[in-house]
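Work through the exercises below with the sequence and the model open. Try each task before reading its solution.

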Amino acid sequence: MLLYDTHAHIAEEEYELDLEKVLERARGAGVAYINNVGYNLESSNRAITLAENNSMVYASVGFHPHNATEAGPGYLDELKSLAAHPRVVALGEIGLDYYRDLSPRELQRKVFREQLSLARELGLPVIIHDREAHGELMGILRELRLGPAGGVMHCYSGSWEMAQELLAMGFYISIAGPVTYQNASRLKDVARQIPPDRLLLETDAPYLTPAPHRGKRNEPSYIAYTAAEIASLREIEVEELAKSCTENGRRLFGIA
Ligand code: NI
């Protein structure tokens, strides 16, 4: 089995004591690639350091909507210089979060728009976070459009109708652990219908732990549960699903 965890946060204190073991278990489960995703300047720097030290890890740099207030003057230049690092494969995670509202919404929108434009300028794909902000997020995407380098809607939680519009815009859709939860009928339905060449898998570790370990810390090896669930929904072998999702991830993030 060949898996690509396209979204994880493992350069965090949750893994301080056992990161080597976590990576070993990931390799054991067939995970060949991990995107470690930043959410502010410090975490983006940590992502790059982790990627420098582990050949299976790639970095993404950006400001999460929760951290929009930390995006001070000059943050775009700082991101630009981080993004020049050869291990950086995407800009993100960027987007809107009206569920927790940890930054003022107007500032979230400004920082999201600026980073979308930066990604286009740099020719990098975007990793987009959207929680309870579907309407405004889609409005911004319709206006600014996705750059030619493409992007992914991470931890997808919207409807099949919204997924169809995102697919038409050129997006990949990434599904995380919640698809394994019994009551996730809408997400299961979306996971069944995404075209095979547009589907990505992710853990969003340490969050969103799949069903058998729900409530505990998540880690990249658990992506196997998400893959198994989606393969069974699509009535295909898990190896086949893993292979096509991994090819999709390598194509989007430019991994040879
Ligand atoms: Ni995330």
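**Exercise 1.** Classify the site of the nickel ion from the angles among its donor atoms.

*Solution.* Start with the angles: the four donor atoms span 84 to 170°. Donors are N, O and S atoms within 2.8 Å of the metal (3.2 Å for Na, K and Ca); water is not among the atoms, so sites may look incomplete. Next, apply the rules. Four donors count as tetrahedral if all angles lie between 85 and 135 degrees; four count as square planar and six as octahedral if opposite donors are over 155 degrees apart and all others between 65 and 115; anything else is irregular. The nickel site is irregular.

Two notes on the model. It is predicted: local features need pLDDT of at least 70, side-chain atom pairs count only at pLDDT 80 or more, and totals for chains, interfaces and linings use all residues. Residues are numbered from 1 along each chain as its sequence is written, and side-chain values use heavy atoms, with hydrogens and water left out.

**Exercise 2.** Name the protein donors of the nickel ion and give their spacing in sequence.

*Solution.* The donors are His7 (NE2), His9 (NE2), Glu93 (OE) and Asp204 (OD). They lie 2.2 to 2.4 Å from the ion. Their spacing reads H-x1-H-x83-E-x110-D. Now place two of them. His9 is in the loop between β1 (3-8) and α1 (19-28), and Asp204 is in the loop between β8 (199-201) and α8 (223-234), so this pair ties together parts 195 residues apart in sequence. Helices (H or I, at least four residues) and strands (E, at least two) are DSSP runs, numbered from the N terminus.

**Exercise 3.** Are His9, Asp204 and Ser174 buried or exposed?

*Solution.* Buried means under 20% relative accessible area, exposed over 50%, partly exposed in between (1.4 Å probe, protein chains only). His9 has 4% relative accessibility, so it counts as buried. Asp204 has 8%, so it is buried too. Ser174 has 1%, so it is also buried.
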